[in-house]
Amino acid sequence: MRPLVPYLLMAPAMLFLAYFLFWPALGAFGVAFQTAQGEWTPANIQALVRDTDFGLAVRNTFLLLVIIIPLEFTIALAMAVLAQSRLRGRGFFLYVWSFPLAVSDLAAGLVWLSIFTSHGYLNSALQGAHVIQHPIGFLNYDNLPGLLLAVVAAETWRSISLVMVVIMSGIQVIPPEMEEAAAILGAGAWNRFTKVTLPLLKPTLQVGLMLRTTTAFQVFAVVLALTGSGLPVLATRTETWAYAHNYQMAAAYAVLLLMLSSVATVAYLTFLRTPREVFQR
Amino acid sequence: MAEIRIEQISKRYTGVVALDDVSLMVHDQEFMVLLGPSGCGKTTLLRLIAGFEQPDAGAILIDGRDVTDVPPGRRGLAMVFQSYALFPHLKVFDNIAFGLRMHHVGRDDVRRRVDGAAELMQITRLLDRFPMQLSGGQRQRVAVARALVMEPAVILMDEPLSNLDALLRLQMRAELKRLLQEARTTTVYVTHDQVEALSMGDRTAVMRDGRILQVDTPMMVYDHPGHVFVAQFIGTPPMNVLRGRMGDRAVEVEGHVLPVGIQDGFQPGEEVTFGVRAENIAVSHEDGEGALPAEVGVVEPLGSHLLLTLALGGQWLKVATRTDFAVKPHDQVWLRPEQGSIRLLGRPEEDG
Amino acid sequence: MSTAVATHGAAAVRVRRVAPGRLLLYGCAVLITLFMLTPVYLIALAAFSPAQAIFDYPRALLPTSGLSLDNVRFFLTFGGILPALRNSLVVGLLTVVFSLLLGCPAGYSLARYWFRGKNVAQLLLVNVRAIPIVIISIPLLVTFIEWGLYDTVLSVALVHTAITLPLTILITASVFLRVPAEWEEAAMSLGTSRFGAVTRVVLPNSVPGLAAAALFAFVTSWNEVFVAVILTLRSPTLPAAMVQQLSDSPLTFRFAAGLCLTVPAFVFIFFMRPYLFNAFGVGGK
């Protein structure tokens, strides 16, 4: 009985996860590759590719990813470095910079809606400063740059805190003597950052990128709140088909999303690898 | 000339005074050891010299130049950290080359100088490895190589040997001393180990609670401590510190009179603290002129000598003697301090 | 030959000039803070503006037209919002209870025992976040329909638990690790069983950490949108209800919603600060 105790303690949680997490993840493949009657078929995938907004959804998701990830990581790096330096009021800054951790993506979308809507604050400010004569239709159906701008702003605002916290946890384990040693060897602030801090952050950045990319593939409520159906993305297509009770199509989209996330994850694991000798004996 | 002048430096952190109006002069090519218990301010002082922190008051001059506002990389210093601070993501070669590259030294020169430093520290075969693959002693050598390759005017060392095991420490102590002598670099070396300080330094600054108590050559600090703390910090065992009363060219202790040399500003009748080293006291089973009677408390055979703990009236002291001296606890013996080995240290109410 | 060089005259107390580099750092910090706070100010302004202000253009960037609670009141009293709020609360609390009930034993097991497969389990728990929520929701939707659990708070709570459980386990494991095993052994040597030792010694000393885990689970559930939308129709959580109303509701409604959904974040983070930043050595605001 005794040796079984740890397994017994883990069992409820692991079984729960197996049933509600792992099994459905596999099950999605099943639903995607079967008809409603349960026969195996590639028909759903074919239907997926022919879906009206398929190309748009893929393109938009990628566009968002390609813009948001570098932007967020650059700013979050700056925030983490700032938070590390001995600025006065650091506690206040950190509190304000991390409150979006508890903001839902829906709320973020609504908040930025007030800014980007055609009679919203951005247009009001621009008009008031006489930069424009007529309101810009940022959120217009056909204004791709405008739509992207709005979603990028809202998503970045909402999730940069998480990236910052991840990076900070990585910076914490870098001994301060590293920077001091580099300083006394003649490295200026920029060199210290690029030649010492960043390389040592590589494992942390790898984890952060994998995490953030996976969640970025799933952008949903921000897009809904800001653009309605004006900017189709993979997650919104999934939800639309589920709402229409076509679970095969919904699952097909979900599987596609998983595949793309996995490719990105593998890419990060490959290209951001640290050779074993660097961190282990 | 790479002399360091520290002028009236003060540094405080919230509520704590780390350094209190400290002044020190390190001569060109001198090996100066900052010695003291943890919290005495030695590391703070080193970090101020390095430039990682700014003093609240006072100035630091290197080679006549006021460097108080100069960033660490431009003071002409090199440093070896207690944890070595090797860059784990770079090979040993690149670690050593780091500083040279920061100063835009040409590729061939980098190669030549790194190879030279590696040979000096006997780590040539390790150049292609990563720091995590090295032992503690090997990492220490890389850290020193990285500093020496810069051919600095001044080298700073923050307890570089404290993370090594005892045997390695002994070995590296001698090696470091030889290397730094040959390199003719001014060295400031921080340690809490008084044996290291005595063995390596040209002069030692003994520090406590943010102040320098005494700066002197090892022999002077050992033989002529100016302060009770210094007397008890230096030497194994610590110098015996006893209380007595000043007489005429003599000190009266526990009813007996010991002749001392110069008065040094002490008036007869004053209570005085004085010290005498365990190895400077002769012990015998026979009474004699000027001998002090004492009772043996503990006998410790230490291999090369016997260490006796004795009660002299109400005070205790230690005496070192030959291993063949036949003695056991509770024996009555007589002590004779050597002529001229008694040091007056101060007055009892001044310090402890 | 003691003591050091005597210097004549008092050393000047150094005037600390602010280096230009530091000013730049401060400037950046302030800019970032403005970026974070300005939208909050604007949504508050939008939510608290009088209803007619919606027709103003350009909108005032300052509360010059006065403040009004109309929008917020409209939002809160609108049919469906208060029930949705209640559903969110229920789902959140259920998620916390389920997560802790399942997570604490698992966390304890990871903290105290070594067993075959422990490393695999830990690796699994860390990497589970890679599974997109989107992908699990479709099959679960199908399952819940079959079970008759579609459109219930229970179904949402179950999925939310699955989402928060991995991290809850890792958090409780680290919480229990901080309670020395010797304390349990001491208790057991005094006569209690292991279970008694855990309830009497470990749990009372883990309250702050477990509270953090509970708060994290609650906030995650509170804010979760996608699963809630997929799994509910007539008993939605607050975010799901909002999504349903999105396209039909007037802007003022949406602004009020935006504000109401954002403000709690400040409260949540205020209580979570010590756990977020303990490692960073920053105390308090």
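Mentor: Let us start with B:T309, whose bridge partner in β18(B) is B:K318. The model is predicted, and for that reason local features are given only at pLDDT of at least 70 and side-chain atom pairs only at pLDDT 80 or more, while totals for chains, interfaces and linings use all residues. Residues are numbered from 1 along each chain as its sequence is written, and chains are lettered from A and ligands numbered from 1 in the order in which they are written.

Strand β17 of chain B covers residues 306-312, and seven bridges join this strand to β18(B), the two running antiparallel. Strands here are DSSP runs of E with at least two residues, helices are runs of H or I with at least four residues, and both are numbered from the N terminus; two strands pair if DSSP finds at least two bridges between them. In general, strands of a sheet pair through backbone hydrogen bonds, either parallel or antiparallel.

Stepping back from this pair, we find an open sheet of five strands in chain B, in the order β15-β19-β16-β17-β18, with antiparallel pairing. Its edge strands in chain B are β15 (281-284) and β18 (315-321), each of which pairs on one side only. From one strand to the next the twist averages 45 degrees, where axes are lines fitted to C-alpha atoms (for helices over the stretch in contact) and angles run from 0 to 180 degrees between N-to-C directions.

Chain B itself is assigned a domain 1 (4-228) and a domain 2 (236-346), the bounds coming from an automatic or database domain assignment. Between the C-alpha centres of these two domains of chain B there are 39 Å. Four residues from domain 1 of chain B and seven residues from domain 2 of chain B take part in their contact, which requires C-beta atoms, placed from the backbone, to lie within 7 Å.

For the chain as a whole, the secondary structure of chain B comes to eight helices and 20 strands, and its C-alpha atoms fill a box of roughly 75 × 45 × 35 Å along the principal axes.

Definitions and conventions
Two residues are in contact if their C-beta atoms, placed from the backbone, lie within 7 Å.
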